[in-house]
Amino acid sequence: MQFVILRPVEIRDDTGKAITVPPTARRAVATLLMASERPVTDDDLMQAIWGDTIGREGALKTLMTQIRQLLSRNRVPQRLPSGYAVQLVPGDEVDVARFRDLVNQGSAAAQAGEHERAAELLDQAIRLWSAPPMPDVPRSPAWLDGLRDGLIFLYKAARVRLLQARLDLGENWALLDEIRLALADDPHSEHLHGLLMAALYRAGFRAEALLHYETAKTALVQTIGSGPGSHLQRLRDEIAADGQDQQTPGPAVLPASARPVPAQLPADVLDWTGREQEVEEMVSYLRRSADRVPIAQVHGPGGVGKSTLAVHVAHEVASDYPDGQLFAEVEGMSPRPRDISDVLGELIRALGVIELPRTLRERTALFRSLLAGRRVLVVIDDAAGAHHVTPLLPGSPGCAVIVTSRMQINGVAGAYQVRLYPWQYGESLELLTDMIGSARTKAEPEAAQAIVSACGGFPLAVRIAAARLSAHPEWSLAQYADQLSQRRLDMLSTEGMGVSATIGASYDHLPAEAQRAFRILSTLGPGDFPAWAAGLLLGDDAEALLDTLMTNSLISPSGRDILDQPRYRQHDLIREYGANRLAEVPADRDHARRMLTGWVELADMADAHLQLDPHYPPHGRLASRLYAPAAAAQLVEADPKRWFTAEINTLLALVHRSCEEGRFRFAMALALRINSYLFWRRRNWDAEDMWRTLTHAATAGGDVRLAAEARLRTAAMLTRRAGGAGRAMAMLGTCVEVFEQAQDRRGLARSLAARAFATWTHVRANREMPREQREELLRSTADDCRRGLAAAEEAEDRHGRMECLRSLGLVTASMGAAAEGIGLVEQSLAITRAISQETGHRAYEMYTLRLLILLHLGQGNYEEVLRLLDLGRPVMVSFDHASGVASWDELEGDALSGLGRHAEAAELYGNAARIYEGDVSPEHMARCLSKHASALIRMASTS
């Protein structure tokens, strides 16, 4: 393996392939390599990696596990008694060792007078370094900083020896700039001052050499308190003794008349699409600020079109800045950001400067001087912070600046912020059509829609998709859409450009803790999430980590919910990238279990405050709370219904995703606790879809018992839907078989009761059914009820007994024994009243009471119906269940109509229809409107 630490840490395997090393791991590897196989204690490692040791033990173990995976052949073993150490194997190469070896060889060659070989060896050694040197080697603890300083000193000494060897080879002119650059880095080096004097003298600039001695003398006195040593003094005397005199170099800046007008903007895109509002606002802003330097900062996630927008706007306003347009590519989010001093040097040269100042401060001052009194537009692309922007800002009005960054840079005062969000569907489709032609998108509109949807509104993704389709005209859009559905991020890359790489640049720029947070947040899935949900996963640091991720455009704000809590969202492509990175870190994946458990705990707390769905028995309550954040628990306790309203879509998504991931038992635990909310809010389709999904997931997972439980609930939902009872009967037959084979008496009783109720509903809805078939079905159903009743008695299950008695009463009444049927339902009602008194849950009582009212209606017992309705109405109103109140009004209307009180009935039917309007079951409103019309007709005919 090859290890680089003199530059940004880099590891290559035995084949030369680069291994991706996250930033935190780079600091750890650099520390271990600097220790050179000597063990490093836990405290020293934590200090080097994070700057402190408080609570870092677990993070260190996790990090060392990651490093072991990066370094094959056990180069980092399990922790030794004295700490951790890299154990290199034969063939491994560390650039520090190679640097020392080359310096030793080069120094020996120089001492032997072999100047050419010395220069060659020392040049190889110097080229191993970068600026800044050793960026990933921490400065703490002290022993590590000492080793670092020692290496830097050796580097400077080698640089001096290299320059001396080249001077001895006669490279006088060529060395002048290089020695000055070295002096800018090390202004106190007398060796470098002497080399510059010697190079100037040998190049024919004797006077400049003597002047430099005076400059060096002044600088040394001011900084170290003493003048030059004897070596520099002797060199000065030797040069002064020579009577030669030469002309000084020419001017450093071209005359104003000869200075170029820079026009550095990249070409504007030919297929500009969308962003009309952003363009209009930016152009207006850049044109109206005459008394200051307008700075427009465009920020957003990678691939959202920031640079394209900046270039387009820059072209729009270029005529307003006739003295030039400068384009500075900072590459701040790349693995190797550019030195801002080098960027400044390029811009200064573009403005006509020949010889550059050495320091960043001097270059910034010169840059602002050159722009003073001129109208120049400066575009700074891909900045990673205020340190990339501030040195490049003009200092006086007349100029303007556009900055692009993946983060919102808060350190640039007065900047006009433009946050870019992903495109809407229409804009994405427009660009795709422009790039591949309307014939292809019109020929396959559904596939085109699928491609655009997969791109998630990222212009970069749309361009890559279009580029791939253009390169493969033989591909159908459907074929490419299918590939996108299977491996989206892979298919959104081409010729070195890709969505993954763009997102990855932002991810790599994050500190280790924020990278971990980014990975873990992908478990929250699509849709938005509240801040406390991040706390559930990330702990007490959640707020700061969310702020870091939002600053780097890896999550975005999504407003505030009905509980006035801030919410956030991860874009689909960004979340998918995070999930892929999460898969690489097994320890982080365990947070999915923690997250799901926390949501189950919170849902359990909220569900405990609701009336239960009357169609199912109560489920167990959690005995303790392990992960639910205190802030979320307070919100739940303050208003459980509003909390459910804010989070129900997230909860449903968690059920579905848990099923997809094979965690169907977690999904079941969550579904049980959100079902009652779905019932009372009439979200029947969501509930039915949830139970169907659980049925399929448990079946695929081989858990037939749980699958039967979910199927039972799915069938109950179907029974309540118009025309669904017949299909429910077959599903419930499967449930009966499963529970019977499992000897689950409770499940068997409930399944038989549910099948009986579905059969009764089916027979009742099919009046045209032949009498023989109808009677046979009802007899068989009555047998189901008695069989279920026996199973419930055996299991001592009063809920099962209640359901079986209720169903048996309905079936018995339909078979002609109305009084007996009513008596059975009244027995069931007595059980529900006992439950109500013990638990406070009255939904079972009201549901059974409603069925009893239906039986009395069927027998024409209208006065009894009115009595029972009056008895139950206050309870029904207390449920805050609009559809339940409407059903009570409808039943009362039926009773009044039976008594000939049509005017009162019409009023109640109309009221019920108004309440039912917009209900998930439109047949309810239609039925009440029909009854309302009939009541009006009867009222008119009797008046």
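**A residue in a strand, and what lies beyond**

Author: D382 is placed in strand β7, which runs over residues 377–383; strands (E, at least two residues) and helices (H or I, at least four) are DSSP runs, numbered from the N terminus. The model is predicted, with local features needing pLDDT of at least 70 and side-chain atom pairs pLDDT 80 or more, whereas totals for chains, interfaces and linings use all residues. Residues are numbered from 1 along each chain as its sequence is written, and side-chain values use heavy atoms, with hydrogens and water left out.

The backbone of D382 has a positive phi, about 65°, although D382 is not a glycine. Is D382 buried or exposed? D382 is buried, since its relative accessible area is 19% (buried is under 20%, exposed over 50% and partly exposed in between, with a 1.4 Å probe and protein chains only). E796 also has a positive phi, about 55°, without being a glycine. E796 is found in the loop between α36 (771–795) and α37, and with 71% relative accessibility it counts as exposed.

The peptide bond that joins S140 to P141 is cis, and its omega is near 10°.

The buried residues of α8 are L192, H193, G194, L195, L196, M197, A198, A199 and L200. Their cover includes α6 (142–168), α7, α9 and α10; here contact means heavy atoms within 4.5 Å.

Helix α9 (residues 206–224) has 19 residues and reaches 27 Å between its first and last C-alpha atoms, close to the expected 27 Å. Within α9, R206, E208, A209, L210, H212, Y213, A216 and L220 are buried. The elements covering them include α7 (172–185), α8 (190–202) and α10 (230–241).

Another helix, α43, spans residues 922–942, and its 21 residues should reach 30 Å at 1.5 Å a residue; the end C-alpha atoms are 31 Å apart, which agrees. H924, C928 and A935 are buried in α43. Seen down the axis, the buried residues of α43 fall within an arc of 30°, so they line one face of the helix (the arc is that of the directions from the helix axis to the C-beta atoms). P922, I937, A940 and S941, on the other side of α43, are exposed. The buried residues of α43 are covered by elements that include α41 (882–898) and α42 (902–916).

R581 belongs to helix α26 (residues 572–583) and is buried, its relative accessible area being 11%. Leaving aside residues up to four places away in sequence, R581 touches Y507, D508 and R519. T695 is in helix α32 (residues 684–700) and counts as buried at 7% relative accessibility. With the same exclusion of residues up to four places away, T695 touches A707, A710, R711 and T714. T695 and G858 are 163 residues apart along the chain, and their C-alpha atoms are separated by 37 Å.

Finally, there are the cavities (sets of points on a 1 Å grid over the protein atoms alone where a 1.4 Å probe fits but cannot get out; lining residues have an atom within 4 Å of a point). The count comes to two cavities of 30 Å³ or more, a volume being the space filled by probe spheres set on the points, which are joined across faces, edges and corners. The largest cavity has a volume of about 240 Å³. It is lined by 16 residues, of which H615, A754, F757, E803 and R806 are the closest to its centre. Helices α33 (704–720), α35 (745–765), α37 (798–814) and α39 (843–858) each give two or more residues to this lining. The second largest cavity has a volume of about 80 Å³. Its lining includes L612, D613, Y616, R713 and Y844, and helix α31 (residues 664–680) gives the most, with three residues.

Key. The expected span of a helix is 1.5 Å times one less than its number of residues. On a 1 Å grid over the protein atoms alone, a cavity is a set of points where a 1.4 Å probe fits but cannot get out, and a pocket is an open set with protein on both sides within 12 Å along at least five of seven lines; lining residues have an atom within 4 Å of a point.
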